[in-house]
Amino acid sequence: MPAIVVLGAQWGDEGKGKATDLLATTDPIDYVVRTSGGHNAGHTIVVNGEKYATHLLPSGILTPGATSVIANGVVVSPEALFRELDGLIERGVDVANLVVSANAHVIASYHGVIDKVSERFLGKNMIGTTGRGIGPAYSDKVNRVGIRVSDLFDEEVLRQKVEAALDLRNHVLTKVYNRRAIEVDAVVAELTSYAERLRPMVADTSLLLNKALDEGKTVLFEGAQATMLDVDHGTYPFVTSSNPVAGGVCVGAGVGPTRIDRVIGVIKAYTTRVGSGPFPTELFDEDGANLQRIGGEIGVSTGRTRRCGWYDAVIARYSARVNGLTEFFLTKLDVLDSWERIPVCVAYEVDGVRVDEMPMTQSEFLRAKPVYEYFEGWKTDISGCRTFEDLPKNAQVYVRALEEMSGAPFWGIGVGPGREQTIVPPRD
């Protein structure tokens, strides 16, 4: 049975939750795994007409019989974890099959404080973070002063680690940002208060997942954020603090690259991003406002309005390359139902020169202007279509054109938020 990776192929918010949920309901999925990021992620899933939003939890938490895993590459806020679990429990969702890696790093309250004050300090150069402490937690991890989930069960070790982390953080807070120092006792008390509820969920998830694959189980690795937000391969510095590309899945879950069978990139039929940073196809006109309104482009985790633009095939090809995509899942095709003509970015112009692949430098990407090809719209509601042949001819032409220029075949096409609103195009 396969190990499948589902990840974002743009700047996030592509509909990864729907793709993950669809895979988990069409084929038996034994494990659904988050491998990076924290509660700055957001997946929306519609089940039997009810809308659910997951943030830190894998969206597989809604799939009966599947084990949900928060793996070692994730940074975990215990407060956010339990708040999300309690919200699902209140709605009757069974959350008993959740496992958390002992090696996952913990987001403490001081990480959120550092995140917010440092963003304000940057002023016009701010990154556009969610302010939830994800970056500072990853920074502590790399600086080797981080706190792991397993540390919450040994108060002596926990205190030593909190003291080491705050020794530096408090100097910065008081002397650079003119804020009050954070007390070690308060942080230790907060984190130990979560220990007993968390303890039964904690395991060696790398061992668990490798054993599952050895036994022929199906493991679905669910991406958070997206390729263009990758700290190495995204639009740096306007990126997240981890590696949400396919290679990062192996590190973040403790499984080798030879275990992966499929890598599915989720991509919208247009493009969005939140936060700061370059966005070549971004629209500032009525088309952009309509994409935002019709597509409901508001962040699941943050409530921030998403910036909107046309489909960017350069980014699609880049994502296909750096992730080794075996296929794409195209979402929100139905959002384009009302357009007479639909532009698609097929290349960039940088300083008067056509560029067909991602520019090498940040400054070149900032200066990139989209080169468009135009496709006729279909001007009809496609949300009820269930086969590729049901789609209007112009919609079929649009999909096939995107597939041709994007670097990998389309495994599925979303024409609405529901599980059933998905089309599997025929293969030659």
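Helix α13 is followed by Gly407, whose phi is positive, near 100 degrees. The model is predicted: local features need pLDDT of at least 70, side-chain atom pairs count only at pLDDT 80 or more, and totals for chains, interfaces and linings use all residues. Residues are numbered from 1 along each chain as its sequence is written, and side-chain values use heavy atoms, leaving out hydrogens and water.

Stay with α13, residues 393-406. Helices are DSSP runs (H or I, at least four residues), strands likewise (E, at least two), numbered from the N terminus. At 1.5 Å a residue, the 14 residues of α13 should span 20 Å. That expected span is 1.5 Å times one less than the number of residues. The end C-alpha atoms are 20 Å apart, which agrees. Buried residues (under 20% relative accessible area, 1.4 Å probe, protein chains only) in α13 include Ala395, Tyr398, Leu402 and Met405. Among the elements covering the buried residues of α13 are α11 (313-323), β15 (327-331) and β16 (341-350).

The loop between β15 and β16 holds Trp339. Trp339 is buried, with a relative accessible area of 7%. Its contacts (heavy atoms within 4.5 Å) include Asp287, Trp310 and Gly377, not counting residues up to four places away in sequence. Gly377 lies 38 residues from Trp339 along the chain, yet their C-alpha atoms are separated by 5.4 Å.

Now turn to another helix pair. Leu158, Val162 and Leu166 are among the α5 residues that meet α6, where Val184, Val188 and Leu191 are among the partners.

Terms used: Buried < 20%, exposed > 50% of the residue type's maximum accessible area, 1.4 Å probe, protein only.
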